[in-house]
Amino acid sequence: MSKSSSAAPTDKDPTRALVLHPEILNERDRREAGPALEEAVSLAGALPDLDVVAQQVVRLQRAQPGLLFGSGKIQELKQLIHDEEIELVLIDGPVTPVQQRNLEKEWGVKLLDRTGLILEIFADRARTREGVLQVELAALSYQRTRLVRAWTHLERQRGGLGFVGGPGETQIEADRRAIDEAVTRIRRQLSKVVKTRALHRAARKKVPYPVVALVGYTNAGKSTLFNRLTGAEVMAKDMLFATLDPTMRAVDLPDGQDIILSDTVGFISDLPTQLVAAFRATLEEVLDADLILHVRDVAHSETEEQAKDVAAILEDLGVSKDTPQLELWNKTDLLPRERAQELQAKADRSEGIFALSALTGAGVEPVLEAIGESLSPPRHRADLDLPFSAGRERAWLYEQGIVEGEEQTEDGLKVTVEWTDRQKKAFASL
């Protein structure tokens, strides 16, 4: 028995939930059941107003097409749902529309699969206009196959998708029409937001500051590290998907370099494909990053599996293998002393790996120095012929501190600079 630690006080009682992790024995790539169930319960805990009153691993030889579980298990769970007065069943895995309808009919309660739950959490977390629109678009593509939910949430700015609310059944044809119209409307709005975002990104590229992106499995401690490095107050809780919308801040490194640090949404295994596609724009900072900091929770029992999931998602997103990465072994403060020392020694022997605690600050200084070293690009000497009218361009060169010499010619100025490729590119776009 466990309770959601994040349930906010409301006028009504929290929804009583049962979390089930189906361990399907004939699946080759199945996850270890215990940690998988623990993560599913944490996911449920990330949603306000849910009270997880029961949790269970259900072992299956194979998934049943119509009901997922066998008839005996269906009846056993029906009794549990009745005894515990459960109102919502969360299944940690994919559930087909047919299975969902049949199970809801058998048990007389609402049911949400892993994709639906993650979408619900994302909807609750989204704050920027783009985030809200992206979540709605992802939810629509998921819901269109189901056609068993009301669409009242589409009129709301934020605060959940309506999966957990009242029944509100609608006719299938009316649903389809409502969804298609909503998709068209959202795509139109999203195209405007994306254009604005592209302009902001283009403006940032003119500023010759490297972009450093924090990535990692959800709840790995990225936001805690972001706050420590920037002095910002980004939401950082022991909760899955505490950060959804990207946050960017300038950081002054010990060697005097300025960088832009970007905090991103946490990755998770079996991330719904709709969300990977919908959040490509949100993760563009990662695609454009000059350096990626992969933050790992080394105190987690599945840290290796989580690292593989992150690497796979980065590859799916199209992140170049040429983009340099540093691996940060976070949460060493949660480890037994001997284990922490062992990891520290291992990190010290490895190129590009650092053991640290974002919470206490231990080990953070060497990371800052390594960021500076990774971003110290080669400089090239060049002679520029500027007309007398190029006052703005000349001023920019001096602002960058890259002018080595200057002499006047008949047509203007000959300026000798020593600059990086990034500064050269930024100058060309002035």
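This is a predicted model: local features need pLDDT of at least 70, side-chain atom pairs count only at pLDDT 80 or more; totals for chains, interfaces and linings use all residues.

Modeller: Let's start with the largest nonpolar core, which has 44 residues; the members touching the most other members are V19, L90, F267 and V286. Quite a few elements give two or more residues to this core: on the strand side, strand 1 (15-24), strand 2 (50-60), strand 3 (88-91) and strand 5 (211-216), and on the helix side, helix 1 (33-45), helix 4 (114-125), helix 5 (129-143) and helix 10 (303-317). Helix 4 gives the largest share, with 6 residues.

Zoom in on V286 and, leaving aside residues up to four places away in sequence, you'll find it touching A213, V215, T264, I292, L314 and V319. There's another core too, lying apart from the largest one: it has 24 residues, including F354, L356, L368 and A370.

Now for the helix packing. The axes of helix 13 (residues 391-399) and helix 14 (residues 421-428) come within 11 Å and cross at roughly 160 degrees. Angles over 145 degrees count as roughly antiparallel, so that's how helix 13 runs relative to helix 14. Their crossing is right-handed. Helix 13 brings E393, W396 and L397 to the contact, while helix 14 brings Q423, A426 and F427. By type, the residues of that contact split into 4 nonpolar, 1 polar and 1 charged.

Methods
Residues are numbered from 1 along each chain as its sequence is written. Side-chain values use heavy atoms; hydrogens and water are left out. Axes are lines fitted to C-alpha atoms, for helices over the stretch in contact, and angles run from 0 to 180 degrees between N-to-C directions. Helices (H or I, at least four residues) and strands (E, at least two) are DSSP runs, numbered from the N terminus. Angles under 35 degrees count as roughly parallel, over 145 as roughly antiparallel, 65 to 115 as roughly perpendicular and the rest as oblique. A crossing is left-handed if the near helix is turned anticlockwise from the far one by less than a right angle, and right-handed if clockwise. Contact means heavy atoms within 4.5 Å. Ala, Val, Leu, Ile, Met, Phe, Trp, Tyr, Cys and Pro count as nonpolar, Asp, Glu, Lys and Arg as charged, and the others, Gly among them, as polar. A nonpolar core is a set of buried Ala, Val, Leu, Ile, Met, Phe, Trp, Tyr and Cys residues joined through side-chain atoms within 4.5 Å. Buried means under 20% relative accessible area, exposed over 50%, partly exposed in between (1.4 Å probe, protein chains only).
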